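Here are my notebook entries from a first look at this structure. I jotted things down in the order I looked them up.

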Amino acid sequence: MTVLISTDTIILTAAVVFLAASWSLYQKRRSFQNITSKMPTQWGLPFIGIAYQFIHLNKVYRNVSRGFDEIKQLTGCVWVATTPYIVTVEPEVIKKITSSPDYLNKARDLYTHFHNGVINGIIVSPVQKWKLDRKAVSPFLGHNNLMSFFPLFNENAISVKNKLAGMAGRGEQDVYAVIKAFGLQLSILTIMGIKMEEGTKKYDETMNAFIVLVHHMAQNSIYSSVGLGFLANTPEYHRILKYLRKLVRSLIQENLAKQVESEEMNNFDEDNQSLINLTLKAMRQGQFTEKDVEIECFTMIAASYETSASAAFSCLVMLAMHPEIQERVFQEIRSVYPDGITSVEYEDLKKFSYLDRFIAEALRLAPPIPYIGRQTVKETELLPGLTLPKNMQIIIPIYELHRRKELWGPDADRFNPDNFLPENVAKRHPYSHMIFSKGARNCIGFRYADFSLRVLLINLIRSLKLSTSFKYEDIVHMPKVTLSYEVEPRIAIEVRKN
């Protein structure tokens, strides 16, 4: 029997649904009145909020900056779809958020794209699980273990240098692809203890899988902000997730097959250990399941590879765009290694004051992690008279923090390593600059990324000269899983004669 529904019935039903949704939104907004009445708030459009500002990725950072200009304060509230968020670039507020145990959970909406059953490990774990997991994996990033990685950092840097030297004299090249490829090799080697050779079928498939994964995670992040995250869950995405799970499981099985002394397997503090060894020990001790091992290893591979590659590429772009600064960096490196580089050691890194300032400035303007988010563990006071409810989300747009003229002066957008001269650093709030976040829940691998980046740059700049026709003022950054470029600048390479 066919049931006919009249047009009047459809219109009436739609009207009832709209009115019910409107009443629900009104009630929700009223429930947050104790927050919105005490700080500037961007309401946006009904049901949409300011989500429309995120449609065009190449305008997101411009819109965020304009939003702070409009509210005329460094902390405010914004509505995205039907959810309110605290957004801040106020250093003293950031200090409280990143230092207090009341904000140790990660903002659920900002990290939705990590909850895919593959990389939902230590980066996004709830606070209680995070504490236990961090204790298990922290020896991997302990000082002695990082020191044992320096030969691998150097070997990888030399491979990158040789690859780029082979591209010299051919005009402007896609350098980022090389940086990402060798970055992934280094991550898999140090985390899984397995060397993946360039040019093999496994290597090519793995590289392509990570590229697709990051692309879909970026889409998921944007879509989820307006409740449409399911649009990123395509068959290709699920195929890639399945492939990567299988890959990590196979790497785990390779390690399980290795004969390891029982005493070594129960010693968390032994130097020169890959992450896989530590997580397998945790599994044997009952702290991790096999699924935990899989997730933590995959999480660390994805996080270290993507952030390190982004940071390295941005530094190379800044060097290519600023030849006078590149020359000064080169002269400093040559003064330490007048006859060329055999190996960059940890103690050597203390000799590069100008390189330090250059890296800090490059990653100020192009932070690999452009935003972070926290979530209240319980009801807590953020500012005098302003109490946030449990599970309230706070977003810290690091990209905007690093460019606010109130913090960095009228030339905040200009590339100037002298921003990090000691006398200039002393004038600023220490929380006005946070490349890899700060506080207890900062980026656990920041020292790994920092050391590997410096070893790479020292090797490259000692041997190669970089240039580009791409103009600094034409750079447009976009938010994806890490910072990305609307158009990736290509770089020309010249081998230095001495």
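**Strands and the sheet**

I began with Thr75, which stands opposite Thr88 in strand 3. Before going on, I noted that this is a predicted model, where local features need pLDDT of at least 70, side-chain atom pairs count only at pLDDT 80 or more, and totals for chains, interfaces and linings use all residues. Residues are numbered from 1 along each chain as its sequence is written, and side-chain values use heavy atoms, with hydrogens and water left out.

I then looked up the pairing of strand 2 (residues 75–80) with strand 3 (residues 83–88): it is antiparallel, over 6 bridges. Strands here are DSSP runs (E, at least two residues) and helices are runs of H or I (at least four), numbered from the N terminus; two strands pair if DSSP finds at least two bridges between them.

Next I traced the open sheet, in which 6 strands follow the order 1-2-3-8-5-4 with mixed pairing. Strand 1 (41–42) and strand 4 (105–106) are at the edges with a single partner strand each, so one side of each has no neighbour in the sheet.

**Helix 14**

Which residues of helix 14 are buried? I found Ile325, Gln326, Val329, Phe330, Glu332 and Ile333, buried meaning under 20% relative accessible area and exposed over 50%, with partly exposed in between (1.4 Å probe, protein chains only). Seen down the helix 14 axis, these buried residues fall within an arc of 165 degrees (taken from the directions from the axis to the C-beta atoms), so they line one face. On the other side, Pro323, Glu324 and Ser335 are exposed.
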